[in-house]
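Here is a short briefing on aromatic rings. Please look at the structure first.

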Amino acid sequence: TMHNPKDTATKKAERDFRKALLKLMQSKNFSEITVSELCKTAELSRGTFYRYYTNINDLLQDYIQEIFNNYTKDCDNIKYTSNDLKSGIFARCKVYYNHIAVNRNFYTIMLGEHGIKNFQETLQNIRVKKFLKRYSLKNNNDDNYTKNIHFILLAQYITYAQLGLARYWLTGKMMVDIDTVSAIAADYTYCLLTNYKDDLLINLH
């Protein structure tokens, strides 16, 4: 794993190795990539690679962790002015889809044919947890257990649907900008959550 804090040479090596990894993953599975071809693609020595990483998986996990940390930071920086359902949903969708757009190359590879098997599942787990931290149901009736189960399933459904929309946008076939995708996702999410409006608790933190 990279040393902290990172100096300029470290940041450049990190950037070059990550770029090379994504380039190689366009045409082959992660498990097939060797340190030698990674270094050749990055135009850096094996010594430089092992100065920072134990193996290629170490490089990948370091990269994934930083992407997820950046997403969490972006979510934490959302300033909610009220507990208005619609504006909150639009703010969260904007952050999510902008994050996908900024890291477009990374997500295109990781969610594509040569992506890592458990990557999507990890991303989904993070997003479902964030959803259920933001939205929950009031405990005010006898059938609340069933309602909560349905609500958890709804959280899974919404986050998978939002990811599906992102994947489709990443293919380039959608012919709209990321703000339009964000607005479409927010509209659908709002329509689904309005069914729970009377029972919904919104956490502003």
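This is a predicted model: local features need pLDDT of at least 70, side-chain atom pairs count only at pLDDT 80 or more; totals for chains, interfaces and linings use all residues.

Residues are numbered from 1 along each chain as its sequence is written, and side-chain values use heavy atoms, without hydrogens and water.

**Ring pairs**
- Rings of Phe, Tyr and Trp (its six-membered ring) pair if their centres lie within 6.5 Å; planes under 30 degrees apart are stacked, over 60 edge-to-face, and the rest tilted.
- The count by this rule is 14 aromatic pairs.
- Phenylalanine 49 pairs edge-to-face with tyrosine 50, at 5.2 Å between centres and 85° between planes.
- Phenylalanine 49 and tyrosine 53 form a tilted pair, because their centres are 5.5 Å apart and their planes lie at 40°.
- One aromatic cluster is formed by Tyr63, Phe68, Phe106, Tyr107 and Phe119.

**Burial**
- Buried means under 20% relative accessible area, exposed over 50%, and partly exposed in between (1.4 Å probe, protein chains only).
- Phenylalanine 49 is buried, at 0% relative accessibility.
- Tyrosine 53 is buried, at 2%.
- Tyrosine 50 is partly exposed, at 40%.

**Charges over rings**
- A charge sits over a ring if NZ of Lys or CZ of Arg is within 6 Å of the ring centre and within 35 degrees of the ring normal.
- Arginine 127 lies over the face of tyrosine 96, 3.5 Å from the ring centre.
- Arginine 134 lies over the face of tyrosine 80, 3.8 Å from the ring centre.
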